Amino acid sequence: MTTAPLTAAARPSRATAEPWPVRVLLLGVAGVFLGLFLVLPLVAVFAQALENGLAAYGAALVDPDARGAIGLTMLTAAIVLPLNVVFGVAAAWAIAKFEFRGKSLLLTLIDLPFAVSPVISGLIYVLLFGAQGWLGPWLAAHGIKVIFAVPGIVLATLFVTCPLVARELIPLMQSQGTEEEEAALVLGARGGQVFWRVTLPNIKWGLLYGAILCNARAMGEFGAVSVVSGHIRGLTNTLTLHVEILYNEYNFAGAFAVASLLTLLALVTLGAKQLVEWRTRRGGRAERAAEAAPAGGIP
Amino acid sequence: MAIAALQLRKRSVLPGFGLALGFTLLYFGLVVLIPLAALVVRGMQVDSAAFLKTVTAPRALAAYRLSFGASLAAAGLNVVFGAIVAWALVRYRFPLKKVVDALVDLPFALPTAVAGIALTSLYAPTGWLGRPLAALGVPVAYTPLGVVVALTFVGLPFVVRTVQPVLEDLDAELEEAAASLGAQRWQTIRRVILPEVLPALATGFALALARALGEYGSVIFIAGNMPLKTEVVPLLIVIKLEQFDTGGAAALALVMLAASFVLLLTINLLQRWSTRRRAPLGD
Amino acid sequence: MSIAVRRVSKTFGTFRALDDVSLDVRTGELVALLGPSGSGKTTLLRIIAGLETPDAGTIHFHGEDATALRVQDRRVGFVFQHYALFRHMTVFENVAFGLRVRPRRVRPDRREIRRRVQRLLELVQLEWLADRYPAQLSGGQRQRVALARALAVEPKVLLLDEPFGALDARVRAELRRWLRRLHNEIHVTGVLVTHDQEEALEVADRVVVLNQGRIEQVGTPEEVFHHPATEFVMHFLGHVNVFRGRFVGQKAVFGGIELDVPDAPETGSLEARGFVRPHDLDLSVTPGPDTLLEGTVMRVNAAGPQVKVELRSDAGEVIHVELSQERYRALALAAGMRAYVRPRDIKLFPSNARAAGAAAPVG
């Protein structure tokens, strides 16, 4: 057999494995590709953020404009997250547990926000609420600002992140079927009891991950928010817009310091995904193990 | 709402259908469908001659060429390298595999602006990769090649994540059967594995393409944004908007929206194809 | 509590799952709904439970119309085919669920719930597994947890959907006998869905045979096995040989045998079809007056309580015969020998003879 370092194949049979030089070559290509496109950018963010030392890094983060951006970003996420969680649960309940006409159309439409450019996601709200938009004159007459203000940022973020929780829950709830809910009904449970006691505990991990993902995307949205925000410093600046401003002002260390916060958030999100997958896979594995075990007879 | 819903569905004993579907439609309608409809209506309102002039202006045509060309190139790169990455993740063992697997999703989770400045700093003429590449006579940042790099980054997870589960579900017996029938390893891969993976590859390609076409954040930093040269369509829309040419922005956006729709439908058909192909035999 | 099903119909899209079905289940009896997949048996069970609504017809519990009663209010125990245990709850919590979700006024207190769950777990012999999760149990154990959970609400009716379908053959046989004993102890009215004729015949007081949304026959296991009402029931409840004959006047003629059929068809197709179970056929090595046909012995399998003989007639039909070991030894049969087939009992069905239930004994 081979003595090459990285070639221990997952399957033992030689008939279904490539010769070792091929394996080394494929692993090398995959490694270089991922290294260039994933690892190097990550390293670059932190390296550039710390270029001028820890003190400069800290200063960039406590700068009043940066703090304002952090505040607005958190406010946006705090509004968007609960709304999209409720939407995701409602949509998944209707789509996964019931049969109705137009279901596959609805399922396709839910992906729309993923399919359109983030620039368009912002633009549509400018067309509705902007100065030249349909509701613009009426809003201006009543002194309500949507575009170039916080409501516009919230709306654009809502649009972009709206499918995330639903997308996470629908396949999960479809795979779980309706038998447990039916069992609860037969045992006398009312509608609310069925949801809180049976459905929710079964989807909690998927829901948690959907929420974390939704949060990360809400905090990290750039294109859509950029179109509606008006880039007013300290007022309508989210974290990502703040990064852009600093970068365009050639304050690279500052831009990367703020970017490193968002990068940490992304890494936490990836970690959460692994955790949730591990939890659900562990459940599935225990079930399969018991299934394979000899069925216990009656004592 | 509840009454209409009752007629729509096959009757079920589970509660809450009317409420759930009603809220879903109301919310989705308000947040997504009505605003999108506003774009369509606004785009239509543009006088047709002006519409044509906007969407066929040389600057717009150059932007389409760059957007579609760079997106196709990036999606193509992702098909080749994404398939290799998926294969390595499913079939081989190597150190830090779990971490690598998790990291593949980074472009989903990392804000595009962050990706944009990170890639730009790497590939700029003064950057870690930009300097040696420039010395070789291959400038990346502020050229169409830079756009391809950024779009490859944002599309990277799609092919890997659509191909990976198909490879995982692939029955080892299939390959053993092929081998027992005398097929060489490369024949097994070409004639047995590739056809199985093909729908997933196509789906991944379409998903990466759709994502790349609309991409804004990661591109604008690395592209240089020179009109007629390195300006992508989403950027052109933003520029129109900043010039208070709302109609022009809406017209260009409508063209992009139409392209997105076609891709979304294609993706749907592809996904149906791949789930049909993956349906278990028997039963 | 008795159950009455009155003229129930149900379609799914264009598929007719139940077609004008009526059925009575008496208090305390255990009835099996038996049929192939797609025969409507599970749909009928789910309609009785209130999990599906019939398109037409009514369900009565103890003489009262329960058609409009919600599933939560029917007080039925339902055991799902794949058990539908709540995977995030322990065995104890699963069994306690039906009591915990009751409105406060009628909810037993904690100690009472604990006592009742404990008693049920003893009944299904699983008290030692109370703190396990469903994923940690074997199939047979999950089945019994599902049963205990269904019984916890003290249902007047127990409905079981393919209760042993997902278990291997040995556990299945054990659980079957155990369920029969349990039913004798608690005496709840029970309806059980199965596609396994052996299971239905062994467990049930009465068997309802369903086919394509209609009831073919209702009767005790003995009745449906020995006196099948239709061709379908005959086929479904065991192996059967079909012989082709002719109607001549008031008689059906099969080879050398003539059967009296008072209202045999006088016009139209005069082909008669006679059905004989393998154990109702005898063989001899010499022809006699009651020989149905002759053929060559193709295969003999003597391993088992009965000897299975496969015969090929000169017309090419394959006939299956079951003989006792004694008879087989007396005949000294071997492959390649000529043999003469003699039926003890031929059944004709109204589908081709107008005679209702023309099961004509020979001899």
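A residue counts as buried when its relative accessible area is under 20%. The legends below apply this cut-off to a predicted model.

**View 1. Strand E7 of chain C within its surroundings.** Strand E7(C) covers residues 157-161. Because 5 of its 5 residues are buried, E7(C) is largely enclosed by the rest of the structure. One side of the strand carries Val157(C), Leu159(C) and Asp161(C), the other Leu158(C) and Leu160(C), and both faces are covered.

**View 2. Pairing of E7(C) with strands E6 and E8 of chain C.** Strand E6(C), residues 76-79, pairs with E7(C) in the parallel sense over 4 bridges. Here Phe78(C) stands opposite Leu159(C). Strand E8(C), residues 189-194, also runs parallel to E7(C), and 5 bridges join the two. Thr189(C) in E8(C) is the bridge partner of Val157(C).

**View 3. The β-α-β unit of chain C.** E7(C), helix H5(C) and E8(C) make a β-α-β unit, which is right-handed. The helix of this unit, H5(C), spans residues 169-186.

**View 4. The largest cavity.** The structure holds 6 cavities of 30 Å³ or more, and the largest cavity has about 50 Å³ of space. Its lining consists of Leu30(C), Leu158(C), Leu160(C), Leu179(C), Leu182(C), His183(C), Ile186(C) and Gly190(C). E7(C) and H5(C) each supply at least two residues of this lining, and H5(C) gives the largest share, 4 residues. By type, the lining residues are 6 nonpolar and 2 polar, with no charged residue. Leu158(C) and Leu160(C), which line the cavity, are the two buried residues on one side of E7(C).

Methods
Residues are numbered from 1 along each chain as its sequence is written. Chains are lettered from A and ligands numbered from 1 in the order in which they are written. This is a predicted model: local features need pLDDT of at least 70, side-chain atom pairs count only at pLDDT 80 or more; totals for chains, interfaces and linings use all residues. Side-chain values use heavy atoms; hydrogens and water are left out. On a 1 Å grid over the protein atoms alone, a cavity is a set of points where a 1.4 Å probe fits but cannot get out, and a pocket is an open set with protein on both sides within 12 Å along at least five of seven lines; lining residues have an atom within 4 Å of a point. Grid points are joined across faces, edges and corners, and a volume is the space filled by probe spheres set on the points. Ala, Val, Leu, Ile, Met, Phe, Trp, Tyr, Cys and Pro count as nonpolar, Asp, Glu, Lys and Arg as charged, and the others, Gly among them, as polar. Buried means under 20% relative accessible area, exposed over 50%, partly exposed in between (1.4 Å probe, protein chains only). Two strands pair if DSSP finds at least two bridges between them. A crossover is right-handed if, with the strands pointing away from the viewer, the path from the first strand over the helix to the second runs clockwise.
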